[in-house]
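Here's a model to walk through strand by strand. Have the viewer open and follow along.

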Amino acid sequence: MSNTPTPYGAAGGLVRVYPARVIERPTPGLVWLHGGGFAAGDIDMPEADHVARTLADAGTTVLSVDYRLAPLPDGWEPPAVEPGRDRAGFPAASDDTLAVWDWLHTEAATLGVDPARLAIGGASAGANIAAGAVLRLIANDRALPALVLLAYPTLLAEQPDPDEALRAALDAQPEADRFGRDAVLGMYENYLGGSVVGAPLAAIPGLATADELAEFPPTLIVAGDVDELRVSSEHFARTLAAAGREVEHVIEPGTDHGHLNRPDEGDAASLTLARFAARLAALSS
């Protein structure tokens with residue numbers, strides 16, 4: 001990836017732009033959001049930086065969003081270096097994402113990206129933020145992405161129990177069993193600053209009905225194999241299918257949650273990013 005152009009900060013520090021390594025422009029563009037339970041993570045973690053560099057190397061200009069994080073929950077260790085931006089719960093991260101989406105449209109020509117080939121996506125909590133931002137775009141009749149890419153998303157605050165096979169896999173791999181109902185609910189309550197009852201749909205996209213997803217863009221979801229959050233992505237994929245939307249739900253074999261953040265552990269991250277790159281390359285003007 002040494003031939004990839006140097007990333008640079010833009011939009012008042014809200015994004016890091018990874019220009020596509022290509023000869024001809026315009027290129028596809030991707031707004032990408034890292035994970036971290038809404039309250040952790042940054043644009044230097046592999047789930048942000050490695051993902052962006054890999055997809056830029058494959059021909060997509062990537063905008064990695066340095067969105068505002070929610071307050072640290074009780075008991076969480078503060079990061080070694082606190083981000084310079086203030087912490088705030090929902091809708092701060094969603095607002096930041098929509099601001100980047102607007103900026104991308106305004107600066108498309110300068111960035112050398114094709115406005116007809118813009119995508120949005122993220123990993124884990126970042127995937128939630130991305131999906132929720134799309135729902136806000138739909139609700140406000142605004143320009144939609146041509147593609148949504150979701151990696152092992154969390155989409156439900158009160159997720160159903162896993163089926164028997166997934167429960168057995170989690171029991172056999174206890175280090176992967178870290179997203180039970182109470183842990184996930186607490187993560188959302190921290191993000192929302194209170195109860196999840198009556199929460200905005202953009203904060204819990206998995207609650208969307210088929211009617212509310214009637215305009216949702218084509219979507220690729222890559223879930224973890226041994227990951228309880230898979231329950232929410234499977235639910236979301238079923239609702240998209242019921243709405244007649246184009247959706248592909250893939251379980252990456254042999255993975256637990258967060259494999260994009262561990263690119264040196266086997267081939268799983270490369271396989272997922274190859275799936276994403278292929279879908280981005282297939283976008284047509």
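This is a predicted model: local features need pLDDT of at least 70, side-chain atom pairs count only at pLDDT 80 or more; totals for chains, interfaces and linings use all residues.

Start with the overall layout: eight strands form an open sheet with mixed pairing, in the order E1-E2-E4-E3-E5-E6-E7-E8. At the edges you'll find E1 (8-10) and E8 (247-256); each has a single partner strand, so one side of each has no neighbour in the sheet. Going from one strand to the next, the twist averages 25°.

Strand E2 (residues 15-18) runs antiparallel to E1, and three bridges join the two.

Now move along to E5 (113-123). How many of the eleven residues of E5 are buried? Nine are, so the strand is largely enclosed by the rest of the structure. On one pairing, E5 runs parallel to E3, with six bridges between them, and Leu 33 has Gly 122 in E5 as its bridge partner. E5 is also paired with E6 in the parallel sense, over five bridges; there, Ile 120 stands opposite Val 148 in E6.

That brings us to helix H4 (residues 125-139), which lies across E3, E5 and E6 (147-151) and runs at about 135° to E5. Trace the chain through E5, H4 and E6 and you have a right-handed β-α-β unit.

Key
Residues are numbered from 1 along each chain as its sequence is written. Side-chain values use heavy atoms; hydrogens and water are left out. Two strands pair if DSSP finds at least two bridges between them. Helices (H or I, at least four residues) and strands (E, at least two) are DSSP runs, numbered from the N terminus. Axes are lines fitted to C-alpha atoms, for helices over the stretch in contact, and angles run from 0 to 180 degrees between N-to-C directions. Contact means heavy atoms within 4.5 Å. Buried means under 20% relative accessible area, exposed over 50%, partly exposed in between (1.4 Å probe, protein chains only). A crossover is right-handed if, with the strands pointing away from the viewer, the path from the first strand over the helix to the second runs clockwise.
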